[in-house]
Amino acid sequence: KVLFTPAGDAITAQARRVLAETKELRDIARTFTEPMSGELHIGLIPTVGPYLLPHIIPVLKQHFPELHIYLYEAQTHTLLKQLADGDLDCLILAQLESMENFGSLPLYDEPMMLALPTEHTWAGREQIALSELQGEKLLMLEDGHCLRDQAMGFCFAAGIGEDNHFQATSLETLRNMVAAGSGLTLIPQLAIGQHNGNLGVSYLPVTDPEPRRTIALLYRIHSVRRPCFNEMAKVISQLIKGLF
């Protein structure tokens with residue numbers, strides 16, 4: 001096993017910053033000539049990527065044909081480090097208070113809806129107040145997913161607990177657990193798509209208050225690719241507004 005000394009750690013950290021700045025130099029040259037061209041490395045969280053990308057990739061290719069997009073999926077803490085180190089150009093994720101060191105362009109606000117088995121007594125309702133779930137225990141994602149933390153914030157405030165017998169690795173696992181009749185959960189609206197009432201799961205809007213999250217495009221605050229990010233954010237926002 002090989003470990004860095006404290007001096008080695010410091011040198012490695014500085015080397016990463018130098019490499020990131022070198023990439024910024026190349027980006028500066030490109031930005032002044034062709035801001036919507038070249039490689040763009042985008043990181044996405046697992047509760048956004050699979051549901052957002054099928055909508056936006058064809059549109060981004062149509063609007064920016066000279067842009068070569070590379071996609072990476074990971075949890076929030078990993079993506080933030082990769083962005084800070086210069087490994088990624090921007091991120092699309094749920095905005096949290098801990099992200100104030102990065103530039104941010106809000107893309108859309110997304111409600112979370114209650115997912116329940118189609119045979120549940122609430123399945124025929126038009127909506128449900130969050131207070132009505134008091135005393136219930138909801139299925140949740142495993143630790144590390146920001147959606148878990150956001151959903152738990154709403155649930156704890158309303159007196160709703162977590163089913164500690166199970167934690168899912170993905171939204172699709174959660175959806176199938178609900179279909180199997182193993183419990184209830186909160187699912188972001190974009191992940192529902194056209195599946196309401198299908199696959200054994202029904203979805204209800206939640207009110208008073210409505211659980212929501214803001215999906216944003218994050219970038220290094222002094223990035224020279226800000227014009228590119230502005231144009232991308234504008235296209236994505238208009239597209240999702242039409243979907244919602």
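Predicted model: local features only at pLDDT ≥ 70, side-chain atom pairs only at ≥ 80, totals over all residues.
1. D208 is exposed, at a relative accessible area of 61%. The cut-off for that label is over 50%, so 61% puts D208 in the exposed class. This residue sits in the loop between β10 and β11. Its phi is positive, about 55 degrees, although D208 is not a glycine.

2. The peptide bond between D208 and P209 is cis, with omega at about -5 degrees. P209 is placed in the loop that runs between β10 (206–207) and β11 (212–220). Two backbone features therefore involve D208: the positive phi of about 55 degrees and the cis bond to P209, with the exposed class of D208 alongside them.

3. Some overall values for the chain. The secondary structure amounts to 7 helices and 11 strands. The C-alpha atoms fill a box of roughly 60 × 50 × 30 Å along the principal axes. The chain has 244 residues, and 47% of them count as buried. Among contacts with a separation of 6 or more, 81% are between residues 24 or more positions apart.

4. Helix packing. Two packed helices are described by the angle between their axes and the distance between the axes. For helix α2 (residues 49–63) and helix α7 (residues 226–243), the angle is about 130 degrees and the axes are 10 Å apart. The crossing of α2 past α7 is right-handed.

5. Which residues make the contact between α2 and α7? On the α2 side they are L52, H55, I56, V59, L60 and H63. On the α7 side they are M232, V235, I236, L239, I240 and L243. By residue class, the contact divides into 10 nonpolar and 2 polar residues, with no charged ones.

6. Cysteines. A disulfide is a covalent bond between the sulfur atoms of two cysteines. How many disulfides does the model contain? The count is 0. C90 is in no disulfide, and the nearest cysteine sulfur, that of C228, is 7.3 Å away. The criterion is a pair of sulfur atoms within 2.5 Å. C90 has 0% relative accessibility and so counts as buried.

7. C146 is likewise in no disulfide; its nearest cysteine sulfur belongs to C155 and is 15 Å away. Is C146 buried or exposed? At 5% relative accessibility, C146 counts as buried, the limit for that class being under 20%.

8. R148 lies in helix α4 (residues 146–157). With a relative accessible area of 10%, R148 is buried. Leaving out residues up to four places away in sequence, R148 touches M140, L141, E142, D143, E162 and Q167.

9. A179 belongs to helix α5 (residues 171–179). A relative accessible area of 28% makes A179 partly exposed. Not counting residues up to four places away in sequence, A179 touches L199, G200 and V201. The C-alpha atoms of A179 and T118 are separated by 7.7 Å, although the two residues are 61 apart along the chain.

10. E136 is in the loop between β5 (128–129) and β6 (137–141). This residue is partly exposed, with a relative accessible area of 28%. Apart from neighbours within four places in sequence, E136 is in contact with W122, I160, G161 and L184. E136 and F244 are 108 residues apart along the chain, and their C-alpha atoms are separated by 28 Å.

11. R17 is in helix α1 (residues 6–33). Its relative accessibility of 47% means that R17 counts as partly exposed, since exposed requires over 50%. The C-alpha atoms of R17 and A158 are separated by 44 Å, and the residues are 141 apart along the chain.

Conventions. Residues numbered from 1 in each chain as written. Heavy atoms only, no water. Axes fitted to C-alpha atoms, helices over the stretch in contact; angles between N-to-C directions. Helix = DSSP H or I, 4+ residues; strand = E, 2+ residues; numbered from the N terminus. Left-handed = near helix turned anticlockwise from the far one by under 90°. Contact = heavy atoms within 4.5 Å. Nonpolar A, V, L, I, M, F, W, Y, C, P; charged D, E, K, R; others polar. Buried < 20%, exposed > 50% of the residue type's maximum accessible area, 1.4 Å probe, protein only.
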